[in-house]
Amino acid sequence: VQDRLFRKGEGHIGDLCLEFSGKKQELGDITLRAHPSGKEQCYRLESGFLSGALIGSGTLVDFISDVQKVTARRELPALYRDSLATLQSTGAYDLQLRFHDSRPLMSFVSPGLYIADGTDFVLSMDRDGDLSARLSSPRLASGTTYIKDVSLVIDNFASSLNIDLTGSEASAGSLGISKPSANVYAHNNQAQLAIRYDNSSEEGGYGDIFINVDFLRDPSGHLAFRAHPLNSLINDGVRSWELGESDLLFSKGDILISNFSLESGLQSIHIDGGLSNERADTLSLKVNNLDLSIIDLFLKKKSLVSGSMGGEAFIISDGELAKGMLMNFKTDSLAVAGRSAGDITLASSWRGEGREIGIYLLDRLEGRDMLFIDGIYMLDSRILSLSTHIDKFPFELVEPFVSPILSELGGSLSGRMEANGPLEELSVQSSDLFISDMMARIGATGA
């Protein structure tokens, strides 16, 4: 019911059930109330998955618009095509939300999305446009990416947008770090980003990474980002890596990287050049004496890889034509969990008047070609053709990646395999493929 400036009323939904693609989610009862509170409008929500209240001088639509005005629209207007030259006055609002068991709703909205029971969010904004907000949560997740013990604080004081995020642990797939934190200061289409983590209480290592980012629109009106990593430090518990200053530009159809470097003593990774969908360009990657144990720096489940790698790669852009890669990498004394994995050579070369890329991989172990792959990738048709020869590939090399499901692996695999077709529809065939003397212990599993 609309009563002059205010809405009054109550709505109730009982035993709400959502159904999509044959899957049902029971959400239970939902109650929404609207009533005046003094000279302000109040909305209240009660449900089994979320409860909250919004008190303010405007509608829900006004609230969302006003929050944008004093945050992203004010400090990063390039994010919006219709950025406002003058930001109109705003209303005053107070918002409080508490999440309960929201798994049924989250699985419907986005499978894998998770907001822990007990997550709180509060926001306050006055008529001068001063805003402060805080979110606290035991755990936020999306698929295999999560962060625990989250504290997120946002404000727009001192004529800037300020964001502080901390947690006790964060993970993205198999990558994990402890005590992550991120700080953002944004003003006048520029953002300063500081990222820190500290694994010292576990297996060592910490990081302090600093990046400046400019937000802009290219001549055609498309959003672009210019990033400038500053001198930063990453420590893996044994050695320190220095991230040097560089420039990176990301715009529609183009990536430009100038002098990106990551160095630790004689080890280094350098990237320079560009990729484009509209013009010819080349992006180069050079790796020197890279200690492969760095792979385990962020892995939650350690692979215990050791050895070194060096080489270079060039990714070639040719306008709208398919991109190609030339490379030549070699590993030395490669081992997995202390077991020798041979010496690998990986290379590619131009064939067929520059419209085909030859692919070559050789892994020599104990004087034999344990793994040999030879093939062609056709740039125009994007069809891959590979031939693989396997000679006594030891199963023990994969044990670190399948334990504790399987352990004490033994035996080997030999034979031939062929793969042909587009990358998304590869047809794989095998011939003379056989297993010798295989053994494994199956780990106990729980329900």
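Visitor: Is lysine 179 buried, partly exposed or exposed in this structure?
Guide: The model is a predicted one, in which local features need pLDDT of at least 70 and side-chain atom pairs count only at pLDDT 80 or more, while totals for chains, interfaces and linings use all residues. Residues are numbered from 1 along each chain as its sequence is written, and side-chain values use heavy atoms, with hydrogens and water left out. By relative accessible area, buried means under 20%, exposed means over 50% and partly exposed lies in between (1.4 Å probe, protein chains only). Lysine 179 has a relative accessibility of 45%, so this residue counts as partly exposed.

Visitor: Where is lysine 179 placed?
Guide: Helices (H or I, at least four residues) and strands (E, at least two) are DSSP runs, numbered from the N terminus. Lysine 179 has a positive phi near 50 degrees, although it is a residue other than glycine. Its place is in the loop between strand E14 (175-178) and strand E15 (181-187).

Visitor: Which residues form the covered face of strand E20?
Guide: In a regular strand the side chains alternate between the two faces of the sheet. Strand E20 covers residues 240-243, and its uncovered face holds Ser240 and Glu242. The covered face consists of Trp241 and Leu243.

Visitor: Which residue of strand E22 is the bridge partner of leucine 243?
Guide: Two strands pair if DSSP finds at least two bridges between them. Strand E20 runs antiparallel to strand E19 (residues 232-235), with 4 bridges, and antiparallel to strand E22 (residues 254-264), with 2 bridges. Leucine 243 stands opposite serine 232, and in E22 its bridge partner is leucine 262.

Visitor: Which residue in the hairpin of E19 and E20 takes a positive phi?
Guide: The hairpin has 4 residues between its strands. A phi near 95 degrees is taken there by glycine 237.

Visitor: Which residues are in contact with glutamate 242, leaving aside its neighbours within four places in sequence?
Guide: Glutamate 242 lies in strand E20 and, at 53% relative accessibility, counts as exposed. Contact means heavy atoms within 4.5 Å. With the sequence neighbours set aside, the contacts of glutamate 242 are Ser232, Leu233, Ser261, Leu262 and Glu263.

Visitor: How far apart in space are isoleucine 294 and valine 238?
Guide: Isoleucine 294 is found in the loop between strand E24 (280-291) and strand E25 (305-318), and its relative accessibility of 21% makes it partly exposed. Along the sequence, isoleucine 294 and valine 238 are 56 residues apart. From C-alpha to C-alpha, their separation is 9.9 Å.

Visitor: How many disulfides does a search of the whole structure find?
Guide: A disulfide is a pair of cysteine sulfur atoms within 2.5 Å. Among the cysteines, cysteine 17 is partly exposed at 34% relative accessibility, whereas cysteine 42 is buried at 0%. The number of disulfides found is 0.

Visitor: How many helices and strands does the protein have?
Guide: The protein has 447 residues, of which 36% are buried. Its C-alpha atoms fill a box of roughly 85 × 55 × 45 Å along the principal axes. The secondary structure comes to 4 helices and 32 strands.
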